Amino acid sequence: MAMEDVKQLVKELLEEVKNLETKLDEVVKPLEETSSALPMASGSLEDVIKFTEQSVHQIMGILNDLMSELQEFQKDIDFLLSLNPIGSIRQKLEGMKERSQRLSNLILQVVTLMSFQDLASQQIKKVIEVLEELKKTILKIIISSVEVSSLSDEQKEKIVGKATEMLTGDRIFQEDVDKLLEELGL
Amino acid sequence: MPPKETRFLIVDDMSTMRKIVRTILNQLGYTNIEEAENGKEALAKLRAGNFDFVLLDWNMPEMDGYETLKQIRADEKLKHIPVIMVTAEAKKENVLAAIQAGANNYVVKPFTPETLKEKIEKVWTALKGG
């Protein structure tokens, strides 16, 4: 083989290695992003539940205050009606009583519509469960790949132990995932 | 409708739903209301106090509504208490299972204040032999 041929071959080999590195980068990047985004996703969804619950409770508090005010208003009207006012005033008072009752019913309907928070939270909790399962699956894949890797037995044991610990726990926290990724050199 | 002194127990893990049911009951004139976050807490409260009506959610941690209902019906001291399931579980098999387990009625979330009122009235009338 001529020197020129060898040079060409080395050049092609280097290009292939470069291509391979690029392809590996394409795979590693989404994996890294997924590993860090998943625990954050669960946390963010839990925050959504917490924040909507707080806001809905504040709104309900205001609506309850409004209903109490209307009840007092209705009591005042009843008192005025008990004084036997003349016909036109009685008519006005009865109209006011009817309207305040209608307002109370509308406020109660708004309070009941706040149940969207409960129903949405239940759906979000189901998504969180799926995310937790997904995280566990990713950890299982990590364990399998560590077992067949060229790492030392001590390193393997350490990483698998940590991953197993995370798998058997109720929740997987970002800190634990970061530590594991660190062990894996990611 | 049941008398105004009727003692209600609202069982739901979501505080929003407990507040909604409480507000509706308040508007209906009921103030004797207690709350529980799950079936275990509900059973403890039921055994400790004289409740007249239970509004029970299905999906809850610790002990779900279905299991709670079965335990209420299996308890000599509690089995007479009317129970209305108030739940997002709208599947036919769930409704059947709840009724077979002894639920007096079934309200699907989201509901209107009128629906809850009608169901309470219906259960009360049936119990009074009306």
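**Figure 1. Charged side chains over aromatic rings in chain B of a predicted model.** The charged end of B:R7 lies over the ring of B:F51, at 4.3 Å from the ring centre.

**Figure 2. The aromatic pair of B:W58 and B:Y66.** Over all chains, the structure holds three aromatic pairs. In the pair shown here, the ring centres of B:W58 and B:Y66 are 5.3 Å apart and the planes are at 5 degrees, so the pair is stacked. Planes under 30 degrees apart count as stacked. B:W58 has a relative accessible area of 8% and is buried, whereas B:Y66, at 25% relative accessibility, counts as partly exposed.

**Figure 3. The second largest cavity, lined by residues of chain B.** Two cavities of 30 Å³ or more are present in the structure. The second largest cavity holds about 30 Å³ of space. Its lining consists of B:I10, B:V11, B:D12, B:M17, B:V21, B:L55, B:L56, B:D57 and B:V86. Strand β1 (8-11), helix α1 (15-27) and strand β3 (53-56) of chain B each give two or more residues to this lining. By class, seven of the lining residues are nonpolar, none is polar and two are charged.

**Figure 4. The largest pocket, lined by residues of chains A and B.** The volume of this pocket is about 350 Å³. From chain A the lining takes A:E46, A:I49, A:Q122, A:K125, A:K126, A:I128 and A:E129, and from chain B it takes B:D13, B:N59, B:M60 and B:P61. The elements that give two or more residues to the lining are α1 (3-82) and α3 of chain A. Helix α3(A) provides the largest share, five residues. The lining divides into four nonpolar, two polar and five charged residues.

**Figure 5. A:Q122 and its contacts with chain B.** A:Q122 lies in helix α3 of chain A, which covers residues 115-147. A:Q122 is one of the residues that line the largest pocket. With a relative accessible area of 14%, A:Q122 is buried, because buried means under 20%. When neighbours within four places in sequence are left aside, A:Q122 is in contact with B:N59, B:A88 and B:K109. Of these contact partners, B:N59 is also listed in the lining of the largest pocket.

**Figure 6. The second largest pocket, also lined by residues of chains A and B.** About 240 Å³ of space lies in this pocket. The lining residues of chain A are A:Q71, A:Q74, A:Q101, A:S104, A:N105 and A:L108, and those of chain B are B:I24, B:Q27, B:L28, B:P113, B:E114 and B:K117. At least two residues each come from α1 and α2 (87-113) of chain A and from α1 and α5 (113-127) of chain B. The largest share, four residues, is supplied by α2(A). Four of the lining residues are nonpolar, six are polar and two are charged.

Figure 7. Along the sequence, chain B follows the pattern β-α-β-α-β-α-β-α-β-α. Buried residues make up 26% of the 186 residues in chain A and 52% of the 130 residues in chain B.

Notes: Residues are numbered from 1 along each chain as its sequence is written. Chains are lettered from A and ligands numbered from 1 in the order in which they are written. This is a predicted model: local features need pLDDT of at least 70, side-chain atom pairs count only at pLDDT 80 or more; totals for chains, interfaces and linings use all residues. Side-chain values use heavy atoms; hydrogens and water are left out. Rings of Phe, Tyr and Trp (its six-membered ring) pair if their centres lie within 6.5 Å; planes under 30 degrees apart count as stacked, over 60 as edge-to-face and the rest as tilted. Buried means under 20% relative accessible area, exposed over 50%, partly exposed in between (1.4 Å probe, protein chains only). A charge sits over a ring if NZ of Lys or CZ of Arg is within 6 Å of the ring centre and within 35 degrees of the ring normal. On a 1 Å grid over the protein atoms alone, a cavity is a set of points where a 1.4 Å probe fits but cannot get out, and a pocket is an open set with protein on both sides within 12 Å along at least five of seven lines; lining residues have an atom within 4 Å of a point. Grid points are joined across faces, edges and corners, and a volume is the space filled by probe spheres set on the points. Ala, Val, Leu, Ile, Met, Phe, Trp, Tyr, Cys and Pro count as nonpolar, Asp, Glu, Lys and Arg as charged, and the others, Gly among them, as polar. Contact means heavy atoms within 4.5 Å.
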